[in-house]
Amino acid sequence: MSKKTLVIGGGIAGITAAQKIAQNGGEVILIEKEGELGGNFAKLAYTFPVLADAKMIVTREIQTAKATSGIEILPQTELRGVSGSAGDFTVELNSPSGTRSEHVGAIIVAAGFHYMEPTAYTEYSYGRSPKVVTSLEFEKMAAENRLPKGNARVVFVHCVGSRDKAKGYRYCSKICCSYSAKHAIMMKKANPDSKAYVFYIDIRALGKGYEEFIRDAMEVYNVRYIRGRVAKVIESGSKLIVRAEDSLIGNPVEVEADLVVLASAMEPPEGSRDLAGILGIATDEYGFFQEAEVNVRPCHSSKSGIFLAGSCTQPMEIASAVAMGGLAASEALTLIR
Amino acid sequence: MRLRIDEDGIRNVVEEAIGKSLTACLQCSKCGGGCSHSEEFDLTPRQVVESLLDCQDQNVLDSRMIWLCGRHCSGCQAVCPVGLPLNDIMAVLREEALKLDIEPKYEQPSLVYHKFEHCAKHRGEGEASESMVGGETQPA
Amino acid sequence: MPRLDKVAQIPKPEQIFFFKSCVASNKYPGIEACGTESLRILGVEPVESDEQTCCGGFVTFANVAAPTASMPAVARNLSLAEEKNLDTCVVCNGCWTFLNEFGHFMNNNAEVKGSVNMMLNMMGREYKGTSHVFHIAEMYYRLKDDISKHVLRPLKGVKIATHYGCHYLGGGKYSAIDDAQMPTYMEELIDLMGGTVVPYAANRECCGTGFTQIINGKDLSLDHTQRKLDSVQEADPDMLIVQCPYCHSQLDRVQQQLNFRQGVNYQTPVLHIAQLVGMALGLPVSQLAFAAHVSGRERLENVLDRVGR
């Protein structure tokens with residue numbers, strides 16, 4: 001029986017799975033379609049609910065993976081074909097240097113997620129005004145020290161693309177409440193003179209330290225939370241006018257802002273349905289990979305020998321992705337041993 | 001005042017007319033936030049929906065909102081994340097109010113236009129309400 | 001951004017049924033004159049009918065009658081276009097919404113269509129639902145290449161603000177050629193004719209006619225128009241372009257009422273898109289019929305001096 005395992009996706013879930021298999025004597029081929037490992041995690045400046053340096057953590061994990069014997073890392077590589085069954089798959093890998101064929105015992109899919117481009121949200125002037133950015137662009141601005149200076153007002157908009165049957169997805173993306181709080185805190189730390197406003201529908205921060213983190217944003221960093229979904233962002237001269245209803249008092253409100261940050265939804269990775277077609281596994285109505293059983297077998301796909309890890313199954317935070325990577329690794333080891 | 005949540009009333013009529021359940025409403029308040037007239041309304045669309053779900057039929061039927069909103073401006077309907085047909089909801093509520101003989105509530109009720117009786121009969125009355133504040137009259 | 005797939009569906013016919021609008025024809029004759037003449041220049045022959053009546057939307061809009069009461073009028077008017085095998089071109093957002101929406105409703109509701117047709121049969125007519133309804137602004141966008149070929153008075157240096165109108169953008173999510181929240185096709189047309197687009201904050205707001213308030217609650221209406229005009233005045237355009245005669249009448253005439261009531265001084269000329277295109281295509285000044293306009297006449301004359309009479 002072949003002992004190798006193929007891990008698809010070099011984000012934090014894939015890196016963790018590869019590390020755990022290799023540390024337990026297995027052999028791993030880790031493929032990543034981008035040139036660098038790290039995935040979405042590497043695009044962040046800080047983590048939550050503890051404000052730690054995200055770049056430092058992800059670099060450390062990548063180094064560990066590279067230093068562990070038994071992991072072959074193939075950047076710019078995509079899966080082209082799969083044949084065989086659990087314990088004896090033949091996979092075809094394609095990279096700029098050519099196509100190669102490998103025998104593997106198990107496959108772990110850790111394809112990650114994609115931040116939705118809110119182009120459908122024209123009411124938020126996205127794409128028209130350069131002062132309306134997505135949360136991912138905000139991370140980039142923060143990393144490049146381009147956050148508004150002086151007495152600026154920044155508005156954070158929750159649920160852009162999430163909980164929206166008409167233009168986005170029905171599900172809750174789970175992490176936006178927390179990362180918007182993180183962004184508001186980053187803003188206040190970078191520029192204490194600035195004012196931050198967060199428009200929310202419900203605050204969904206479930207996890208150790210999450211509620212405290214958001215309360216800190218409100219109480220320690222003085223971020224104003226207003227309950228109501230933003231309806232319109234209007235350009236007015238050099239400013240933006242944000243219109244919403246404060247639904248707790250039932251009155252329309254207006255905030256003049258210098259920057260509007262849209263918390264865009266987590267959506268399935270690009271080409272997830274194609275990948276599922278190649279692997280012969282099922283996806284759900286949105287394009288996330290379908291678990292065999294949601295509660296007790298979260299990392300089994302619909303096909304034996306193919307396991308799932310991380311946010312390609314559902315929106316999740318880093319800690320869950322790491323845990324799921326570990327679980328997928330142990331499932332794969334059970335199969336190939 | 002404590003509201004009493006009791007039997008469902010016109011909620012059922014509305015739901016049957018629009019072919020959708022009002023429970024779809026997320027209470028996100030995007031409707032009221034974008035409405036260009038919400039300053040003048042006593043209820044916002046989401047409050048109408050919540051009141052219907054809470055069986056507060058009288059509050060809704062007595063409001064000014066159902067008379068002022070829902071003229072196919074569609075500002076709320078176009079942004080509703082769950083696609084509730086708010087124009088139609090208001091039209092159904094107006095019909096229900098009329099069935100109960102509730103008078104339309106406009107700031108200046110020129111009922112001439114409403115009651116379907118020919119304008120000529122009420123001409124004097126109509127002009128009085130137009131010219132009360134002065135300025136050029138502009139009926140249409 | 002305009003939805004190009006929708007634009008591609010608009011035909012470029014040799015003839016089109018030109019639907020007259022009550023407000024346009026009575027208050028601002030220039031809209032109809034420029035509309036027909038400009039279409040002719042662009043190679044589409046407008047066909048009018050003396051039998052056409054009001055679209056029937058107004059009675060619904062003004063709360064006079066239930067929507068079903070307007071449907072026979074809609075059906076009858078559309079049957080006039082159908083018997084000539086033509087599509088319909090309207091100049092008014094109200095006509096556009098009501099013809100489209102009621103037409104759509106009847107086409108998808110056999111029972112209503114049947115009872116409407118019973119009434120029409122008494123007049124010897126039948127409503128089939130084959131005539132597509134296009135707004136003249138949509139036609140202009142479809143014919144924009146022809147417009148750029150025929151511009152005789154380039155609008156160089158003319159600052160123009162736009163107003164689309166709720167009944168086109170909000171009501172038209174099935175058929176409007178542009179996004180309800182961020183439309184740009186009028187801006188494109190203005191660019192094409194050499195004008196300068198002036199943005200202002202209240203661009204997407206209602207003109208104030210809405211919600212039957214100009215009829216049933218004039219104070220609400222005037223308040224709203226005032227907010228809109230304040231924002232327009234801040235941007236200081238040479239003219240405000242509308243595509244609906246009702247918005248036109250509200251924004252043009254209420255300026256004088258507010259000047260009188262509030263002691264303010266609004267003087268912004270308001271033009272229909274057909275008049276703007278007519279001006280650019282070099283129609284005689286008499287056909288633009290600016291004499292019917294109330295506000296900002298001096299500024300309008302000044303614009304005419306600049307672009308040439």
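**Close-up views of a predicted model**

**View 1. Strands E14 and E15 of chain A.** In this predicted model, strand E14 (residues 239-246) of chain A runs antiparallel to E15(A), and seven bridges join the two; strands are DSSP runs of E with at least two residues, numbered from the N terminus, and two strands pair if DSSP finds at least two bridges between them. Within this pairing, Ala244(A) stands opposite Val253(A) of E15(A). Residues are numbered from 1 along each chain as its sequence is written, while chains are lettered from A and ligands numbered from 1 in the order in which they are written. Local features need pLDDT of at least 70 and side-chain atom pairs count only at pLDDT 80 or more, whereas totals for chains, interfaces and linings use all residues.

**View 2. The open sheet of chain A.** Three strands in the order E13-E14-E15 (chain A) make up an open sheet with antiparallel pairing. Strand E13 (232-236) and strand E15 (251-257) of chain A are the edge strands, each pairing on one side only.

**View 3. The two domains of chain A.** The domain assignment, which is automatic or from a database, divides chain A into domain 1 (4-113 + 268-336) and domain 2 (116-266). Their C-alpha centres lie 31 Å apart, and 13 residues of domain 1 of chain A are in contact (C-beta atoms, placed from the backbone, within 7 Å) with 19 residues of domain 2 of chain A.

**View 4. Where chain B touches chain A.** This contact takes 18 residues from chain B and 17 residues from chain A. Helix H2 (30-34) and helix H3 (45-53) of chain B, helices being DSSP runs of H or I with at least four residues, each supply at least two residues of the side of chain B that touches chain A, and H2(B) gives the most, with four residues.

Key:
Contact = placed C-beta atoms within 7 Å.
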